[in-house]
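User: I have a model open and want to learn how to read its features. Can you take me through them in order?

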Amino acid sequence: MELRLYQIDAFASKPFEGNPAAICPLDDWLPDAVMQSIAAENNLSETAYFVPTNGGYHIRWFTPACEVELCGHATLASAWVIFNILGQQNNEIAFESKSGILTVVRKDDWLELDFPTKIPVECSIPEQILNAFAATPAECLKADDYIVVFDNEAEVVSVKPDIGLLSQLDLRGVAITAKSNDYDFVVRFFAPGHGIDEDPVTGSLFTELIPYWSEKLNKTALTAKQVSARGGEVGCVYAGDRVKISGKAVKYLEGRISI
């Protein structure tokens, strides 16, 4: 059996930026074990699969270690494939997913994701986080992930966490964030428990970050940058129970898988 494979750099304006995702369009679902094996072989933070449905697509996402319920950058990359390779003319895509209906709207060369909001709540700082970072956090919250707020951008950029300690945490991962001079905020994200020591750009994370920073900065439209080694710019809009997460994408690789 041969499958189409596209590697797309999401939240990127040129190759080697943003977060690479492997995208496999399917006519019908493969066995879960096969999709997990392909994701492990690809060894990217996410491999996305989608199949056509009446009026849209059903999408699923796999890390090298497990299936996840929501992924932003691989959804953006999947939409890019549908628009630019599969040739959809309509400027809106509806994805059925484990997190409900997710829509992607094409606006020139930007793609805007419409995702459900997840409000983080304040929490005590876990001991692993206190010991994993040299700098002391100013605040800690949690939703699907721990949101660790530092006093300044330099701390977020320069910190070298103890990945072993972060892998012991009970949530998906840890975001570290701070107010920025050039953007509204910056962020980095670590999810070693899901096989991702540091994720280049994490679209789903912004469902938690946007409501937090919108309240802190008293604005609903924000700009952000995930300051990983590859880096990626993200447009953010807070719309109550939904958030709009936008970015660009480019194709890096096109090929076929033989299994």
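Predicted model: local features only at pLDDT ≥ 70, side-chain atom pairs only at ≥ 80, totals over all residues.

User: How many helices and strands are in the chain?

Analyst: The chain has six helices and 18 strands. Its C-alpha atoms fill a box of roughly 50 × 35 × 30 Å along the principal axes.

User: How do I judge how compact the chain is?

Analyst: Compare its radius of gyration with the globule rule. The radius here is 18 Å, and the rule gives 18 Å for 259 residues, so the chain is as compact as a globular protein of that length. Buried residues make up 55% of the 259 residues. Among contacts with a separation of 6 or more, 62% join residues 24 or more positions apart.

User: What should I look for in a nonpolar core?

Analyst: In soluble globular proteins, nonpolar side chains tend to be buried together. In this model the largest nonpolar core has 52 residues. Ile23, Trp61, Phe95, Phe206 and Ile245 have the most contacts inside it. Helix 2 gives the largest share of this core, eight residues. Another core lies apart from it, with 19 residues, including Ala132, Phe133, Tyr146 and Leu165.

User: Which residues does phenylalanine 95 touch?

Analyst: Leave out residues up to four places away in sequence. Phenylalanine 95 then touches Tyr57, Ile59, Thr75, Ser78, Ala79, Ile82, Gly100, Ile101, Leu102 and Val104.

User: Now the empty space. How is it found?

Analyst: Rolling a probe the size of a water molecule over the atoms shows where empty space is left. A search of the whole structure finds one cavity of 30 Å³ or more. The largest cavity holds about 120 Å³ of space.

User: What lines the largest cavity?

Analyst: Its lining has 17 residues. Glu46, Arg172, Ile196, Asp199 and Thr202 lie nearest the centre. By class, six lining residues are nonpolar, eight polar and three charged. Helix 2 (72–84), strand 13 (185–191) and strand 14 (196–199) each supply at least two of the lining residues.

User: Is serine 228 buried or exposed?

Analyst: Relative accessibility decides, and under 20% is buried. Serine 228 has 13%, so it counts as buried. It sits in the loop between strand 15 and strand 16 (232–239). Beyond its neighbours up to four places away in sequence, serine 228 touches Arg188, Glu198, Asp199 and Pro200. Asp199 is also one of the residues nearest the centre of the largest cavity.

User: Where is cysteine 123, and which residues is it in contact with?

Analyst: Cysteine 123 is in the loop between strand 9 (121–122) and helix 3 (127–132). Leaving aside neighbours within four places in sequence, it is in contact with Cys140, Leu141, Lys142 and Tyr146. Tyr146 also belongs to the core of 19 residues. Cysteine 123 and isoleucine 147 are 24 residues apart in sequence, and 9.5 Å apart in space, C-alpha to C-alpha.

Terms used
Residues numbered from 1 in each chain as written. Heavy atoms only, no water. 1 Å grid on protein atoms, 1.4 Å probe; cavity = no way out; pocket = protein on both sides within 12 Å on 5 of 7 lines; lining within 4 Å. Points joined across faces, edges and corners; volume = space filled by probe spheres on them. Helix = DSSP H or I, 4+ residues; strand = E, 2+ residues; numbered from the N terminus. Nonpolar A, V, L, I, M, F, W, Y, C, P; charged D, E, K, R; others polar. Core = buried A, V, L, I, M, F, W, Y, C linked by side-chain atoms within 4.5 Å. Buried < 20%, exposed > 50% of the residue type's maximum accessible area, 1.4 Å probe, protein only. Contact = heavy atoms within 4.5 Å. Rg over C-alpha atoms; globule rule 2.2 N^0.38 Å.
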